[in-house]
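Please read the following note with the model open beside you.

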Amino acid sequence: EPVAKYGTLDVTFDYDSQEQKLLVTVTAVTDVPTYSRTGGSSWQVHLVLLPIKKQRAKTSIQRGPCPVFTETFKFNHIESEMIGNYAVRFRLYSVRRMKKERIVGEKIFYLTKLNLQGKMSVPVILEPSYNLSGCDSQMSMSEVSCSESTSSCQSLVHGSAPEILIGLLYNATTGRLSAEVIKGSHFKNLAANRPPNTYVKLTLLNSMGQEMSKCKTSIRRGQPNPVYKETFVFQVALFQLSDVTLILSVYNKRSMKRKEMIGWISLGLNSSGEDELNHWTEMKESKGQQVCRWHTLLES
């Protein structure tokens, strides 16, 4: 039977730019699954600093439906100007005596979201540790977060055109539109033979074409098939949802001043194509479930 909740971590980040260190405090876990398959009610949280995976930590083991840890871990040598290239992966394990621990949920938290001055407390909402439920089996599901329903994972035979995998979710109660930039494929460096350094820019426009909000992912260096797994949240009231356009533009950053567009798509009111319009419509009809789709980028 599917699990509704995978756990929510209560986490505080405290970054010291002078000492180039990050303190991460795991306070407690709520919403842990209670059903029998997790096999017990002892819990442990594992942390690892990405992408290098050399700095790791884990909490003590705590029992009960609302385990409290209040443990702080230190990660060193994180330069402030490079902080956008780092992330912390959290994994919640259920621990059983004499048996192997079992991973319950995980989340990669990108440090681009950090406040560089002072402490920042955030709920880290864990997602299922991915399995291959009805998705393209060539695609490693550790890189893709799709909702549990198989219909919202579409497997395409990838050609050589650049494509991007996007997850959309709309919560009508809170008016929050979440766009997850999951991964890209066949991104090319037009001017050179080496793989590109890419990022994705998201721009939300109103019905008049005026910019309401914009943001961008961190840069993935030297990767033709980059994995981003970054989620951006826009505040869009339900009555506005049919009147906004979300543009995603993929750029290759060639130097400090130079960048070139690899391609773009738009979703919503002025969708760039039928696939994009269908994706937006499915998101509106999916009642708060994430819908993931591959899209072929249009040339600029």
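**Notes on the predicted model**

1. Phe13 has a relative accessibility of 1% and therefore counts as buried, where buried means under 20% relative accessible area, exposed over 50% and partly exposed in between, with a 1.4 Å probe and protein chains only. Phe90 is likewise classed as buried, because its relative accessibility is 0%. This is a predicted model, in which local features need pLDDT of at least 70 and side-chain atom pairs count only at pLDDT 80 or more, while totals for chains, interfaces and linings use all residues. Residues are numbered from 1 along each chain as its sequence is written, and side-chain values use heavy atoms, with hydrogens and water left out.

2. The structure holds 3 aromatic pairs, a pair being rings of Phe, Tyr or Trp (its six-membered ring) with centres within 6.5 Å, called stacked when the planes are under 30 degrees apart, edge-to-face when over 60 and tilted for the rest. Phe13 and Phe90 make an edge-to-face pair, with 6.2 Å centre to centre and 80° between the planes. This pair links distant parts of the chain, since Phe13 belongs to strand 1 and Phe90 to strand 7, 77 residues apart; strands (E, at least two residues) and helices (H or I, at least four) are DSSP runs numbered from the N terminus. Phe13, Phe90 and Phe109 form one aromatic cluster.

3. The largest nonpolar core has 32 residues, and Phe13, Leu22, Leu47 and Phe90 are those with the most contacts inside it; such a core is a set of buried Ala, Val, Leu, Ile, Met, Phe, Trp, Tyr and Cys residues joined through side-chain atoms within 4.5 Å. Strands that each supply at least two residues of this core include strand 1, strand 2 (21-30) and strand 3 (42-50). A second, separate core of 26 residues includes Ala179, Tyr228, Leu246 and Leu267.

4. Strand 1 (residues 8-16) runs antiparallel to strand 9 and is joined to it by 7 bridges, with Ile125 as the bridge partner of Thr8.

5. Tyr199 and Tyr251 are both buried, and their pair is stacked because the ring centres lie 5.5 Å apart with the planes at 25°. The charged end of Lys216 sits over the ring of Tyr199, 5.2 Å from its centre, a charge being over a ring if NZ of Lys or CZ of Arg is within 6 Å of the ring centre and within 35 degrees of the ring normal. Lys259 lies over the face of Tyr251, at 4.7 Å from the ring centre.

6. Strand 11 (residues 163-171) is mostly covered, with 7 of its 9 residues buried. Strand 11 pairs with strand 12 (residues 176-185) in the antiparallel sense over 9 bridges, and 6 bridges join strand 11 to strand 18 (residues 291-296), again antiparallel.

Conventions
Two strands pair if DSSP finds at least two bridges between them.
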